Every structure is written in C-alpha cells, then in structure tokens.
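Please work through the following exercises with the sequence and the coordinates at hand. Each task is followed by a stepwise solution.

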Amino acid sequence: MTRISVLMGIYNCAPTLAEALDSLYAQTYQNFKIILCDDGSKDNTYAVAKEYADKHDNIVLVKNEKNMGLNYTLNHCLEYADTEYIARMDGDDISLPTRFEKEINFLDEHPEYAVVSAPMIYFDENGDYRIGRGQGEIRKNDFIHGSPICHAPCMARTATFKAVGGYSVDKKLLRLEDYHLWFKIFAAGYKLYMLNEPLYKMRDDRNAVARRNWMNRRNEAYVKHIGYVMIGLPWWTQIYAIVPIIKYLMPNFVYNYFHYRKR
C-alpha cells in the first residue's frame with residue numbers, strides 16, 4: 001500500500017524538472033506516488049512531466065487552466081492525496097537519497113508530531129554555498145522571525161493538512177503560503193519538528209536583491225501580523241511584523257551586506 005503522496009506544483013521548470021524527479025526515484029524509500037500539477041507553464045514543463053508520467057505508473061499528472069499560484073496549485077494536488085503521509089517537493093530542487101526514509105521513520109516512531117522537515121543545502125550554478133540548521137521541536141517563539149519549518153523538504157500526516165483546510169488561497173498569502181500553513185497547524189494544536197540533518201538541496205541563486213519586491217515583503221508582513229495573533233504571541237511581537245517592510249526600504253548595498261554575512 002502506497003504511504004506517501006508527493007505534492008509538486010510545477011511552473012516553468014522544464015530545465016530542472018527531470019533532475020528533481022530523478023532524485024525521488026533515487027530514494028532509498030520507494031513506497032510513494034507523485035502528484036504533479038502544472039500551473040500554466042509557458043515553457044515545456046508539462047511535456048517533461050508527461051514524459052515521466054508515461055514511463056512511471058506512480059505519477060498523477062494534472063494541470064490548471066491558467067496560472068493560479070502555488071497555494072491553489074498545491075490544494076489541487078492535495079485533492080488526489082489518499083495516502084497516510086504527504087511530502088513536498090519543488091521542480092527545481094533535489095531530495096537527498098535518504099530523505100523519505102528518515103522522515104517517514106521519524107513520523108512512524110513519533111506519533112505526537114504532525115509535521116517533520118529537515119534543513120536545506122542551498123546551491124546555485126557554482127555549487128553549494130550554505131547549509132541550514134534544524135532546532136528540534138518547534139516552539140511558539142520560533143515563529144517570530146520567519147517560517148520555522150522548511151516547506152519543500154517537509155513530510156506531514158495527510159489528515160493534519162486536510163483538518164486545517166490545506167493551503168489558504170489568498171493573493172495576500174502568495175509566496176508565504178507555507179508560513180501561513182504552519183501558523184494554522186500550530187494554532188490547531190499540532191506539533192512540528194525540524195531534524196538536524198540536511199536532507200534536501202534547494203536551488204537558489206544569489207541575486208537576492210531581485211527578489212526584494214513590494215508584494216513579497218507586504219505579504220510577509222501581513223502573514224506575520226495575523227499569524228502572531230493566531231498562535232497567541234504577545235502584542236509586542238507585532239514590531240517584528242514590520243521588519244519585512246524595513247528590509248524592502250533598505251538601500252541595496254546595506255541589504256546585501258547583511259544578507260551575504262548570513263551566508
């Protein structure tokens with residue numbers, strides 16, 4: 001019996017999708033199916049996905065009629081998830097070989113946790129440049145500075161995602177759908193956990209300034225504001241909700257200085 005449904009919203013990732021899918025078929029744990037939803041790609045992403053779906057009988061391939069955003073697309077995938085667990089994967093990343101094995105073993109052995117994830121190794125065309133860290137069980141204060149759980153490497157109990165209504169579809173949540181989801185899950189009384197071992201490689205170029213657009217920063221501030229209230233953080237933590245706006249207003253050279261120091 002298949003135990004994991006892998007949710008993949010894919011959009012304009014034709015050059016990297018094969019490598020991402022190959023990393024799943026290289027997993028030491030193979031009892032999974034892959035649900036691929038093309039979100040109105042303008043390149044040949046759907047054709048690459050169709051080629052894999054024709055070769056593998058554990059792929060469900062669907063598509064949106066037009067580009068709808070990742071939150072809507074992942075909910076579309078979730079409609080086809082009928083397994084005990086769900087896992088996430090992005091079409092331009094790489095899952096390390098033991099990812100599924102270690103995550104499903106953790107959830108099997110720790111029924112008190114609803115979601116588990118792992119740190120990521122960040123890489124670009126020049127190779128790996130940063131390795132994230134895990135902190136164990138997620139506490140309330142871990143939500144203050146940003147999403148406490150890595151989205152793409154996560155594995156969760158399907159019942160938990162469906163109990164909170166999946167991803168909330170709202171333009172104010174675009175690119176922050178995962179952070180908002182963790183707020184919902186935590187507020188509902190479920191427990192989340194970050195492993196210490198990196199199990200996933202995230203393709204991420206170093207052009208951080210190009211991603212500093214107003215919509216993303218505004219949405220992050222909004223999600224922090226409502227999320228802090230949702231999980232009952234003290235009123236004074238709302239000061240951190242304006243940090244994304246401050247970052248947006250920073251001159252590029254100042255932002256880059258602090259950003260690359262972190263790396």
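The model is predicted: local features need pLDDT of at least 70, side-chain atom pairs count only at pLDDT 80 or more, and totals for chains, interfaces and linings use all residues. Residues are numbered from 1 along each chain as its sequence is written, and side-chain values use heavy atoms, leaving out hydrogens and water.

**Exercise 1.** Determine which residues touch the most other members of the largest nonpolar core.

*Solution.* A nonpolar core is a set of buried (under 20% relative accessible area, 1.4 Å probe, protein chains only) Ala, Val, Leu, Ile, Met, Phe, Trp, Tyr and Cys residues joined through side-chain atoms within 4.5 Å. Among the 74 residues of this core, Ile4, Met8 and Trp182 touch the most other members. Helix H6 (residues 177-187; a DSSP run of H or I, at least four residues) contributes the most, with six residues.

**Exercise 2.** Classify the packing of H6 against helix H7 (residues 214-231).

*Solution.* Their axes, lines fitted to C-alpha atoms over the stretch in contact, with angles from 0 to 180 degrees between N-to-C directions, come within 9 Å and cross at roughly 10°. H6 is therefore roughly parallel to H7, a class for angles under 35 degrees.

Terms used. Buried < 20%, exposed > 50% of the residue type's maximum accessible area, 1.4 Å probe, protein only. Helix = DSSP H or I, 4+ residues; strand = E, 2+ residues; numbered from the N terminus. Parallel < 35°, antiparallel > 145°, perpendicular 65-115°, else oblique.
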